[in-house]
Amino acid sequence: MKLSRKRLALLALASLLIVASWWGVAAARWGLQVRSLQQDNLPLLYLAPQQAQSVPGVLIAHGFAGSKQLMLGYGHVLARAGYGVMLWDFDGHGANANRLQRYELEQNLDVALQALLEQPEIDSTRLALLGHSMGSGMVMMQGVRDRDRFAATVAISPTGASVTPEAPRNLQLQAGSGEGRFVSNAERLLTQAGGENPNLATGEGRELVVIPGVEHITILFSDTSHQAALRWLNATFGNPQESQYADRRMAWYGLHLLGWLLGLTTVAPLLRASEERAVKIPQIRRWGGLIASPVVATVGLILLSQRFELQALGGVQVGGAVGVWFLLAGGTWLAILGQIPRPHLRTIGLGVLLFALLWVAFGAMAQVVWLQWWLIPMRLRLWLPIAIACLPWFLASGIVQQNLGIAQRFLWWFAQSAILIGGFVLTLNYLPQLGFMFLLLPLFPPLIGILSLIAGLFNQAWVYALGSALFFGWLLAAGFPLSA
């Protein structure tokens with residue numbers, strides 16, 4: 001099959017979007033010096049203005065299941081305003097191969113501080129801390145423990161710390177309007193720290209900023225949050241240098257993803273194998289399997305929790321339990337469907353090719369924007385077991401979506417998203433120790449929507465199932481911390 005002029009034009013447009021998006025992400029680092037470091041097995045990333053001399057230094061700490069990439073928005077904004085910033089991966093996170101052990105996180109921060117002080121551009125008398133979620137607790141503790149060293153602390157989506165009216169110095173608290181629990185916690189911390197105080201000269205400055213329209217993850221990409229942190233640090237250090245820079249790397253990432261999806265839509269007819277006869281299954285079994293699956297998965301995890309520590313199952317925090325949930329839910333859905341098409345060598349090859357395309361479309365730019373996408377060896381070993389556990393769900397999803405029109409496909413996208421969100425909420429109601437699952441919920445609608453679009457392009461259950469399961473397994477292996 002040859003590409004028509006229209007498809008060639010779309011392919012050219014897709015290529016243009018991809019090239020433009022890489023240009024946009026690369027431009028974010030223009031004018032900055034960037035150093036990737038390794039100290040005491042701790043992966044570090046340092047940003048500072050070019051030709052910088054004697055600039056304030058800021059340590060930037062990520063949250064649970066985060067990475068240094070996820071905090072780069074603050075890094076770029078502060079570096080462009082005249083700061084030297086150091087980011088790192090806590091134990092068990094990102095590219096750090098050490099298992100997560102809470103009492104060693106303070107040591108990670110100390111190593112990052114030493115690395116920051118060794119950078120020739122840094123003025124060691126002007127230092128500050130910034131952290132998100134789990135990282136907020138670490139920086140607040142450090143600001144209390146070493147009050148005289150750090151002039152300011154910015155705690156975003158704050159957890160807990162023994163703050164007082166005197167320590168840490170110049171404490172700014174931020175929380176998103178869509179994360180009510182963290183707003184309440186920030187209000188409690190503000191009261192504990194002595195209440196609002198604009199007097200930064202004495203080190204007793206106190207402020208709470210509620211960032212509108214964001215929640216626990218999207219606050220990290222908010223211009224309002226970035227500028228609030230910059231304003232607070234500038235006021236602390238008397239830094240006259242303001243920056244109008246707005247971090248748009250996530251927008252470029254979205255454009256990159258759009259370009260790849262457009263290109264995949266264009267070439268999918270060339271990749272598609274011969275039409276696969278759709279399995280004829282009564283609607284009651286299609287829908288009954290979907291509805292029953294989260295109930296069985298939840299009950300199964302509850303029973304397993306009596307014998308195993310689910311939070312660290314498979315050597316990965318929460319991610320192993322998520323994989324088992326999908327295995328139980330998908331197995332139930334397949335069992336109720338009762339029929340599975342036979343895979344062929346060509347469909348298996350196309351499934352692997354689809355995974356490769358998804359890997360590049362989602363992950364190639366994620367590595368420099370928001371996620372440690374390149375798996376270190378310990379994570380790579382987790383990938384295939386998790387992907388295999390997720391395969392039954394995506395196979396069942398691929399079977400029921402064969403030969404559907406746009407309206408029906410939209411209905412199945414909505415139904416799957418609702419079932420997944422409802423199923424995980426049900427699980428957390430009985431297994432609160434898996435609470436981090438809650439942060440996955442906003443990801444399901446867009447992710448399932450994109451994968452449903454791909455299911456329509458190939459219209460073959462096994463191609464969709466293999467590509468989606470391998471990709472989703474990689475995503476889980478990349479995102480969750482390695483457990484002790």
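## Helix α4

Helix α4 covers residues 134–145, 12 residues in total, and runs 17 Å from its first C-alpha to its last, close to the 16 Å expected at 1.5 Å a residue. The expected span is 1.5 Å times one less than the number of residues. Helices (H or I, at least four residues) and strands (E, at least two) are DSSP runs, numbered from the N terminus.

Nine of the 12 residues of α4 are buried (under 20% relative accessible area, with exposed over 50% and partly exposed in between; 1.4 Å probe, protein chains only). Among them are Met-134, Met-138, Val-139, Met-140 and Gln-142. Their cover includes β3 (55–61), α3 (105–117), β5 (122–132), β6 (150–156), β7 (171–176) and α5 (180–192), where contact means heavy atoms within 4.5 Å.

## Basis of the model

This is a predicted model: local features need pLDDT of at least 70, side-chain atom pairs count only at pLDDT 80 or more, and totals for chains, interfaces and linings use all residues. Residues are numbered from 1 along each chain as its sequence is written, and side-chain values use heavy atoms, with hydrogens and water left out.

Leu-303 is found in helix α8. Leu-303 is exposed, at a relative accessible area of 52%.

## Annotated transmembrane regions

An unreviewed UniProt entry lists residues 382–400 and 462–482 among its "transmembrane region" spans; such annotations may be inferred rather than shown by experiment, and positions follow the numbering used here, with feature names shortened. Residues 382–400 are 100% helix and 0% strand, with end C-alpha atoms 29 Å apart. For residues 462–482 the values are 86% helix, 0% strand and 30 Å.
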